[in-house]
Amino acid sequence: MPHRFLLLSASMGAGHDAVAQELAHRLRARGHTAVVRDILTLLPAGTGSLLRNCYRGAVRHVPRLYGAVYASFLATASAPGPRPSSAPLAALAERPLLRTVADWHPDVVVPTFHLSAQVTGRLRARGALQVPAAVVVVDFAVHRGWLHPGNDLHLCVTETAAEEVRAATGGPAHATGPVVPARFFRPRDVDGYWRALLDRHVAAAAQHTTPVSPGRPAVLMSTGAWGVGTRLLETARHLVSHGCVPVLLCGNDDRLRHRAARHPGLLPLGWVTDLPGLMAEAHVLLDNAAGQTAAQALAAGLPVIGHRPLPGHAAAGVRAMAQAGLSRYTAGKSEPARSAHELAFPGPARDRRTAAARAAFRADAAEELVELAARTAAAGSSV
């Protein structure tokens, strides 16, 4: 029996949209109908854009300010006493969401962003939303925004995260693992483009024609869709000086890409559409956010090194990934290069990371959503 799914994402970077679109793709492949909506567009005119611009400006220019906002509003571990919440903002999206549900008639609503989870949780708790809400938690570290007890189900990336959700909400939470497109699980540089690009880059930088050798690991440096990071060029120069080939993923930030191009040995790239192909030729990922790029690297068998994480949920996620054994967290200035050389090539250290990464993908979140819709339909037909 085909079902209808409404996925509620948010255009805050690219990670939430990537998860929502992949889930929609899987659901459609099973014969169901799925539509993705941006929760920011359900807020009053201009509010969503203002929220996105403020968040982007904070993480880019005053990351400590965002860290303070995260600690006040979202962090689960903080000083006792009352704290502000996102309830007023969530309330603004309630009526527009109910109108969308009335127009679309979904069998399940699926938030992939924490504000969406707050909206559906509030509506379900009051009985205003008549269909179940299944929250897909995309973060490795769960924060307060994901934890409204009104929601019917939480799907998490790790068992630790699922345990935290169950303890906080009292509701069901399952660890399905990250939601990553299938093409990342068998990454291939189909036409040799990335290998040739790396070889040309190293040859030009070193003023000789020697290709990338086994002793020079290609280190992808993730900065998300917005090109955000702390001391990125300093880290890249340090990698170069220690025999690595840093490949800076600048996302949509052309200014960062142009600045990085002036540094010898550093290969800056704009928005990459064939990330699986690039990961097939890289050796490790240097990550600062524990977002979708890190999850995709796990699928591709690319060891993840967390370094200089952004304040707020990114720092919490980077540490949670390391605690789960899915990545290595490095704090010292020289640690990324040392870890890159250790994890880049076959050996016990790399084998442990790749085995843990494979084990992280426990189940298919889309299948869990279908089962929830089927159970709900069965319960309704028996009444």
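Residues are numbered from 1 along each chain as its sequence is written, and side-chain values use heavy atoms, with hydrogens and water left out. As the model is predicted, local features need pLDDT of at least 70 and side-chain atom pairs count only at pLDDT 80 or more, while totals for chains, interfaces and linings use all residues.

**The sheet**

Let's start with the strands. Helices (H or I, at least four residues) and strands (E, at least two) are DSSP runs, numbered from the N terminus. Three strands make up an open sheet, ordered β2-β1-β3, with parallel pairing; strands pair if DSSP finds at least two bridges between them. β2 (33–38) and β3 (108–111) sit at the edges, each pairing on one side only. From one strand to the next, the twist averages 20°; axes are lines fitted to C-alpha atoms, for helices over the stretch in contact, and angles run from 0 to 180 degrees between N-to-C directions.

β1 (residues 4–9) pairs with β2 in the parallel sense over six bridges. Look at L7 and you'll find its bridge partner in β2 is V36. Helix α1 (residues 15–29) packs on the sheet and touches β1 and β2, with its direction at about 170° to that of β1. Helix α5 (residues 114–126) also packs on the sheet, touching β1 and β3, and its direction makes about 145° with that of β3. Contact here means heavy atoms within 4.5 Å.

**A buried aspartate**

Now for D139, in the loop between β4 (134–136) and β5 (153–156). D139 is buried but has no salt bridge, and the nearest side chain of opposite charge, R144, is 13 Å away. For the cut-offs, buried means under 20% relative accessible area, exposed over 50%, and partly exposed in between (1.4 Å probe, protein chains only). As for charge, Lys and Arg count as positive and Asp and Glu as negative, while His and the chain ends are not counted.

So what does the side chain of D139 make a polar contact with? The partner is the side chain of W146, at 3.0 Å. A polar contact is a pair of N or O atoms within 3.5 Å; within protein, one must be able to donate a hydrogen and the other to accept it, and residues adjacent in sequence count only if both atoms are side-chain atoms. Setting aside neighbours within four places in sequence, D139 is in contact with W146, V157 and H313.

**Salt bridges**

The structure holds 16 salt bridges, each a side-chain nitrogen of Lys or Arg within 4 Å of a carboxyl oxygen of Asp or Glu.

| Pair | Closest N and O atoms |
|---|---|
| D253 and R60 | 3.0 Å |
| D152 and R124 | 2.9 Å |
| R328 and E342 | 2.8 Å |

D253 is in the loop between β8 (245–249) and α9 (254–260) and R60 in helix α2 (residues 47–61), so this pair links distant parts of the chain, 193 residues apart. D253 counts as buried because its relative accessibility is 9%, whereas R60, at 29%, counts as partly exposed.

D152, in the loop between β4 and β5, meets R124 in helix α5, so the pair ties together parts that are 28 residues apart in sequence. D152 is partly exposed at 25% relative accessibility, and R124 is partly exposed at 22%.

R328 lies in strand β12 (residues 328–330) and E342 in helix α13 (residues 335–343), so their pair ties together parts 14 residues apart in sequence. R328 is buried at 18%; E342 is partly exposed at 39%. Elsewhere, salt bridges that share partners join E22, R26, R30, D364 and E367 into one network.
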